[in-house]
Amino acid sequence: MSQIKTKCVFGPVPSRRLGLSLGIDLLPYKTCSMDCVYCECGATTRLTCERKEYFPTDQVIRELDSVFAEQKKIDYVTFSGVGEPTLHSGIGAIIRHIRETHPELKICLLTNATLLNDPALVGEIAPVDLIVPSMDGSNDEELFQINRQAPGITLEGIVEGILNFKAHSRAAIWLEIFILPGVNDSMESAERFRRLAARIQPDKVQLNSLDRPGLYEWVQPADDATLDRIAEVIGRSVPVEKIAKHAKRVENDAHRELDLAQYNERILKTLRSRPCTAEDLSATIGIESERIAPHLRRMERAGLVISEQGLRGTFYRPAK
């Protein structure tokens with residue numbers, strides 16, 4: 001399966017939650033309404049709640065049409081990327097285009113839920129099949145410590161926004177909670193999360209924790225025992241699952257036909273979306289990890305990538 005990275009479209013990549021996911025990234029680096037301490041894309045450089053056409057909407061649609069003409073197997077088209085997708089004022093037009101031209105495709109929106117009180121926005125995104133809003137704090141103190149959101153964003157506003165969306169859409173809702181040790185992993189936090197989840201009544205809660213390098217060394221993953229305890233508390237009100245840590249490898253022999261420059265570019269396209277270990281790249285682009293690991297070291301010596309130690313081993317990023 002070929003991998004694609006245009007200005008705004010990337011993948012498809014094997015997602016831990018969504019199978020083969022074709023990503024749509026509508027924001028320039030690094031524009032968001034939050035500056036989360038665990039973000040794998042780096043620190044937010046443009047903290048904003050302003051909705052506008054950050055990239056031309058017709059350009060995104062042309063890129064999608066080009067990808068759809070090539071890709072035959074896609075489980076989800078997913079709005080995600082380096083920032084908050086709903087900041088793009090053309091997201092509704094893009095969703096409508098996908099619905100009209102490829103009604104068989106499922107659409108997912110990953111969102112921090114900061115803008116869901118906007119009636120116009122909710123009308124634009126209502127047709128999606130699945131929304132995955134995040135809610136990382138059980139109170140405002142935890143929320144700001146983890147998400148460092150733009151001024152005016154509160155936990156109550158996020159909850160009301162999700163409820164507002166729920167009242168206007170039939171989409172499935174998977175509420176994601178990122179557990180950060182020492183911040184929101186206490187049993188008191190778990191009970192507050194349970195009450196919030198009971199109020200929202202999502203289809204399920206997904207407990208997540210650090211899997212790739214975060215912004216700061218103090219940001220560490222929660223252990224399984226802690227996640228299990230929190231899941232048990234929240235599970236008294238709504239279904240809960242812990243997100244699996246690793247995607248399965250996608251078989252792909254197409255790389256055998258690539259020359260060295262094409263081989264490097266395929267790796268770099270994936271790394272531009274997120275930092276990866278050799279194992280991650282193996283799962284994403286179908287190159288055996290035992291082959292790709294030494295090649296990554298050669299790319300590092302050549303100044304094409306840089307490496308850093310993470311929780312699961314050595315992660316690689318494109319060199320600046």
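Reader: Is Gln201 buried, exposed or partly exposed, and what's its relative accessibility?

Author: Gln201 counts as partly exposed, because its relative accessibility is 40%. Bear in mind that this is a predicted model.

Reader: Where does Gln201 lie?

Author: In the loop between H6 and strand S10, which covers 204-208.

Reader: What about phi at Arg148?

Author: Arg148 also isn't a glycine, and its phi is positive at about 45 degrees. You'll find Arg148 in the loop that links helix H4 (140-147) and helix H5 (155-168).

Reader: OK, peptide bonds. Cis or trans from Tyr29 to Lys30?

Author: That one is cis, with omega near -10 degrees. In general, most peptide bonds are trans. As for Lys30, look in the loop between strand S3 (19-25) and strand S4 (31-32).

Reader: Back to H6. At what angle do H6 and H7 cross?

Author: Roughly 40 degrees, and the axes come within 8 Å. Here H6 is residues 187-200 and H7 is residues 224-234. At that angle H6 is oblique to H7, and H6 passes H7 in a right-handed crossing.

Reader: Which residues in H6 and H7 meet?

Author: From H6 you have Met187, Ala190, Glu191, Phe193, Arg194 and Ala197, and from H7 there are Arg229, Ile230, Val233 and Ile234.

Reader: How many nonpolar, polar and charged residues in that contact of H6 with H7?

Author: Seven nonpolar, no polar and three charged.

Reader: Now H1 and H2. What angle do they pack at?

Author: About 30 degrees, with the axes of helix H1 (residues 57-70) and helix H2 (residues 91-101) 10 Å apart. With that angle, H1 is roughly parallel to H2. The crossing of H1 and H2 is right-handed.

Reader: Which residues make the contact there?

Author: On the H1 side, Thr57, Val60, Ile61, Leu64, Asp65 and Phe68; on the H2 side, Ala93, Ile94, His97 and Ile98. By class, the contact of H1 with H2 has seven nonpolar, two polar and one charged.

Reader: Let's do strands. Where's Leu207, and is it buried or exposed?

Author: Leu207 sits in strand S10. Leu207 counts as buried, because its relative accessibility is 1%.

Reader: What is Leu207 in contact with, leaving aside neighbours within four places in sequence?

Author: Quite a list: Ile177, Ile179, Leu227, Ile230, Ala231, Ile234, Val240, Glu241, Lys242 and Ile243. You've already met Ile230 and Ile234 on the H7 side of the contact with H6.

Reader: How far apart are Leu207 and Ile243?

Author: They're 36 residues apart in sequence, and their C-alpha atoms are 6.2 Å apart in space.

Reader: Next, Glu176. Buried or exposed?

Author: Buried, because Glu176 has a relative accessible area of 12%, and the cut-off is under 20%. Glu176 lies in strand S9, residues 172-178.

Reader: What's Glu176 in contact with, again leaving aside neighbours within four places in sequence?

Author: Arg17, Val132, Pro133, Ser134, Met135, Asp136, Gln206, Asn208 and Ile243. Take Gln206: Glu176 is 30 residues from it in sequence, but the C-alpha to C-alpha distance is 4.7 Å.

Reader: Are Cys36 and Cys39 buried or exposed?

Author: Cys36 counts as buried at 13% relative accessibility. Cys39 is buried too, with a relative accessible area of 16%.

Reader: Last bit, the overall picture. How many helices and strands in the protein chain?

Author: There are 10 helices and 13 strands. Of the 320 residues in the protein chain, 55% are buried.

Reader: And what share of the contacts with a separation of 6 or more comes from residues 24 or more positions apart?

Author: In the protein chain, 72% of them.

Note on methods: Residues numbered from 1 in each chain as written. Predicted model: local features only at pLDDT ≥ 70, side-chain atom pairs only at ≥ 80, totals over all residues. Heavy atoms only, no water. Axes fitted to C-alpha atoms, helices over the stretch in contact; angles between N-to-C directions. Helix = DSSP H or I, 4+ residues; strand = E, 2+ residues; numbered from the N terminus. Parallel < 35°, antiparallel > 145°, perpendicular 65-115°, else oblique. Left-handed = near helix turned anticlockwise from the far one by under 90°. Contact = heavy atoms within 4.5 Å. Nonpolar A, V, L, I, M, F, W, Y, C, P; charged D, E, K, R; others polar. Buried < 20%, exposed > 50% of the residue type's maximum accessible area, 1.4 Å probe, protein only.
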